[in-house]
Amino acid sequence: MSVVPSPSILRPRDLALLLLASGDLRPRKRARDQQADRAGLEIKRRILEQVVALDPEPEELEAALTAMVDEMGPPSGPIRAVAAVVRDEWQMACSAPEWVSQLLSEAVNNSIDRQNSPTGGNRENRD
């Protein structure tokens, strides 16, 4: 039995921490140049880390994301798109608690994998 936080107690900071820990920010193995993928994932990581640092109230998340887009500066298009994805993921977490449970499971599994890794979890030595 897994514990699923209800949307009333889930905060944007909690979701950001789960997304950061879930492995969602690693590029998939592909037979093509992944420079654009990595750039997008780095933007998402920066946004999620700012959400963690700011810990906005749920009803203030969209305003906080808009402020982040403005603060990060040009080019704002990719940043705005990633911020919209984070907003959409927040809305999904509130309406689909089973997804939050899945993220929690992935975060735990990634933590265990990093602990058992011969590199000791050093991100630069993976992939």
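Colleague: What covers the buried residues of α2?

Modeller: The cover over the buried residues of α2 includes α1, α3 and α4, where buried stands for under 20% relative accessible area, exposed for over 50% and partly exposed for what lies in between, with a 1.4 Å probe and protein chains only. This is a predicted model, in which local features need pLDDT of at least 70 and side-chain atom pairs count only at pLDDT 80 or more, while totals for chains, interfaces and linings use all residues. Residues are numbered from 1 along each chain as its sequence is written, and side-chain values use heavy atoms, with hydrogens and water left out.

Colleague: Which residues of α2 are called buried?

Modeller: Leu 41, Ile 43, Lys 44, Arg 45, Ile 47, Leu 48, Val 51 and Val 52 are the buried residues of α2.

Colleague: What makes the end-to-end distance of α2 agree with its 20 residues?

Modeller: The expected span of a helix is 1.5 Å times one less than its number of residues, so the 20 residues of α2 should span 28 Å, and its end C-alpha atoms, 29 Å apart, agree with that. The helix itself is a DSSP run (H or I, at least four residues; strands are E, at least two), numbered from the N terminus.

Colleague: How do you know that the buried residues of α3 line one face of the helix?

Modeller: The buried residues of α3 are Leu 61, Ala 64, Leu 65, Met 68, Val 69 and Met 72. Seen down the axis of α3, they fall within an arc of 145 degrees, so they line one face; the arc is that of the directions from the helix axis to the C-beta atoms. On the face turned away from this buried side, α3 carries the exposed residues Ala 63, Asp 70 and Glu 71.

Colleague: Why is α1 called roughly perpendicular to α4?

Modeller: The axes of α1 and α4 come within 10 Å and cross at roughly 105 degrees. Because angles of 65 to 115 degrees count as roughly perpendicular (under 35 is roughly parallel, over 145 roughly antiparallel, the rest oblique), α1 is roughly perpendicular to α4. In contact terms (heavy atoms within 4.5 Å), Pro 12, Leu 15 and Leu 19 in α1 meet Glu 89, Trp 90 and Ala 93 in α4.

Colleague: Where is confidence lowest and where highest among the helices?

Modeller: With pLDDT as the predictor's confidence in each residue, from 0 to 100, confidence is lowest in helix α5 (residues 97-116), at a mean of 77, and highest in helix α3 (residues 61-72), at 94.

Conventions: Axes fitted to C-alpha atoms, helices over the stretch in contact; angles between N-to-C directions.
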